[in-house]
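Dear colleague,

Please find the sequence and the structure below. My notes on what was found follow directly after them.

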Amino acid sequence: MPAAQTRSSIIKAIYSAGPEHGYRFAVAIAGSLLLMFLDLRFSQLDRVRQSLSYIVAPVQSLVALPRDLVQWSSETFSERNDLLDSNRTLRSQMIILQQKVQWLAILEAENGRLRHLLNATARLESEFLTAELISVDPDPFSIQVIVNRGAQDGVAVGQAVVDADGLFGLVVQVDSLSSRVALVADVNLAVPVYVNRNGMRSVVVGTGNLNSLEMEYVPDTADIKIGDTLVTSGLANRFPAGYPLAEVIAIEHDPGEPFARIRAIPLAHLGRSRTLLIVFQEEAK
Amino acid sequence: MKENPAHGLWLIGLSLFVAFYLAAMPLPGRFEVARPDWVGLMIIFWVLILPERFGILLAFVIGLFYDTLMGTTLGLYGLVFAVLAYTVLLLNIRLRMYPLGQQALAVFFILGLTHVLSQWLKIGLMSLVSGEIHIWPALTSAVLWPWVYGLMRTLQLRVRVQ
């Protein structure tokens with residue numbers, strides 16, 4: 001008798017819940033529309049997102065766990081000779097870099113004096129925060145990565161991210177313990193640059209392909225050659241000035257098009273770099 | 001519902017955690033497009049089996065967490081998963097009667113619908129330029145449905161989730 005009662009109550013619950021579902025559905029729809037509107041128009045909702053991300057953070061760190069384990073074990077169980085070898089190369093690299101740093105101090109002082117002579121403003125110093133890549137965005141249509149620094153480390157939306165070889169991307173969203181970086185190859189990102197050889201300014205946009213960038217609105221007669229390095233110009237105050245971004249690899253002149261098609265390959269290792277630097281740039285006033 | 005006390009609800013949490021893990025796990029580039037919608041599958045399963053416990057509002061909250069995981073506008077997947085749960089609730093009794101193959105076909109159509117919705121919202125709200133709509137996730141999810149259903153049903157009966 002009790003079992004039959006339970007069953008009948010369940011069936012009643014399923015059948016009689018019709019209009020209730022409708023109300024709940026309406027509440028959920030209204031709630032999500034409101035949230036989307038608030039999230040797109042105002043920034044107060046970032047707090048909510050950051051507190052929600054505390055619960056999602058274990059998933060993200062768990063995703064990174066197998067790779068970390070592999071890396072840890074390969075470091076722990078690697079051959080002594082390999083370790084000695086890499087130690088030796090790192091040491092010699094360090095000596096070369098130290099020698100360059102000595103030069104850098106002299107050059108910096110000289111640059112300061114010359115700028116003073118020219119009455120130019122001093123270069124802005126920027127600070128760095130190291131960050132490690134923890135996962136790649138699972139959405140196949142966006143080129144974004146997630147790094148292990150968030151609002152608690154002082155990261156803010158709009159900061160530039162560089163790796164050892166060039167500009168890597170832009171912080172587009174900050175959670176409490178991690179943040180999301182759009183790579184320079186993202187189709188939604190455009191970087192103002194100049195050609196290092198002659199100072200010609202232009203804009204480089206992503207193509208959605210990790211190994212290819214494109215220069216926009218360059219006239220056919222512009223002085224650009226294959227092998228030119230493109231350096232960030234710092235115009236628009238979004239990206240810091242003076243970081244190498246890409247190298248020109250192909251130039252096409254189509255008589256039917258108003259502009260030349262120029263393709264470049266990013267210098268940063270977008271697919272491989274794991275250790276990144278987040279640039280804290282002082283506000284230019 | 002005094003005759004029907006809650007029991008073993010931790011399995012719901014655990015299954016969702018695993019689904020989130022599988023959704024965030026990196027896949028080799030070519031297969032990324034065909035990643036099954038694990039969280040969607042779990043929501044369909046629990047709404048189908050326990051409509052009195054797992055309803056639209058819970059699906060909505062899970063959608064908010066999914067938004068923070070995917071970095072989409074907050075509320076986007078809330079809306080999508082609420083639509084998913086509502087559709088399954090409307091079809092609930094019919095879906096329970098279906099054999100597994102037919103259920104998989106229904107899962108294909110329902111998830112396909114939600115993917116079209118989420119992609120439209122992404123294109124509209126986040127100005128996603130390369131917003132193509134692919135049929136792969138719905139297809140792989142539907143192919144996996146009989147196994148997911150079998151495994152989860154066994155676990156659910158073993159733990160006596162109610």
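Of the 285 residues of chain A, 26% count as buried, where buried means that 20 or more other C-beta atoms lie within 10 Å of the residue's own, exposed means 12 or fewer, partly exposed covers the range in between, and C-beta atoms are placed from the backbone. This is a predicted model, in which local features need pLDDT of at least 70 and side-chain atom pairs count only at pLDDT 80 or more, while totals for chains, interfaces and linings use all residues. Residues are numbered from 1 along each chain as its sequence is written, and chains are lettered from A and ligands numbered from 1 in the order in which they are written.

Chain A

Chain A has four helices and 12 strands; helices (H or I, at least four residues) and strands (E, at least two) are DSSP runs, numbered from the N terminus. Among its contacts between residues at least 6 apart in sequence, 57% join residues at least 24 apart, a contact being two residues whose C-beta atoms, placed from the backbone, lie within 7 Å.

One closed barrel of six strands in chain A has the order S1-S2-S5-S4-S3-S12, with antiparallel pairing; two strands pair if DSSP finds at least two bridges between them. Neighbouring strands of this sheet are turned against each other by 45 degrees on average, direction ignored. Helix H3(A) packs on the sheet, where it touches strand S1 (126-136) and S2 of chain A, and its direction makes about 80 degrees with that of S1(A). Axes are lines fitted to C-alpha atoms, for helices over the stretch in contact, and angles run from 0 to 180 degrees between N-to-C directions.

Strands S6 (residues 190-195) and S7 (residues 201-206) of chain A run antiparallel and are joined by five bridges, with A:Ser202 in S7(A) as the bridge partner of A:Val193. These two strands form a hairpin with five residues between them, and A:Gly199 in the turn has a positive phi of about 80 degrees. Strand S7(A) is joined in turn to strand S8 (residues 213-219) of chain A by four antiparallel bridges, and A:Val205 has A:Glu214 in S8(A) as its bridge partner. The hairpin of S7(A) and S8(A) has six residues between the strands, and A:Gly208 takes a positive phi near 90 degrees there. Strand S9 (residues 229-232) of chain A pairs with strand S10 (residues 244-252) of chain A in the antiparallel sense over three bridges; A:Thr229 has A:Glu247 in S10(A) as its bridge partner.

Chain B

The secondary structure of chain B comes to seven helices and zero strands. Of its 162 residues, 44% count as buried. The radius of gyration of chain B is 16 Å, which agrees with the value near 15 Å that a compact globule of 162 residues would have; the radius is taken over C-alpha atoms, and the globule rule is 2.2 Å times the number of residues to the power 0.38. Along the principal axes, the C-alpha atoms of chain B fill a box of roughly 55 × 30 × 30 Å.

The axes of H2(B) and H4(B) come within 9 Å and cross at roughly 35 degrees. Residues making this contact include B:Ile43 and B:Ile44 of H2(B) and B:Phe81 and B:Leu84 of H4(B).

B:Pro137 lies in helix H7 (residues 136-159) of chain B and is buried, because 20 other C-beta atoms lie within 10 Å. Leaving aside neighbours within four places in sequence, B:Pro137 is in contact with B:Ala34, B:Arg35, B:Pro36, B:Asp37 and B:His115.

Nonpolar cores

The largest nonpolar core has 56 residues, and B:Ile43, B:Ile44, B:Ala59, B:Phe81, B:Ala82, B:Leu84 and B:Ala85 touch the most other members. Such a core is a set of buried Ala, Val, Leu, Ile, Met, Phe, Trp, Tyr and Cys residues joined through C-beta atoms within 7 Å. The largest share of this core, 12 residues, comes from H4(B). A second, separate core of 41 residues includes A:Val195, A:Val204, A:Ile262 and A:Leu270.

With kind regards
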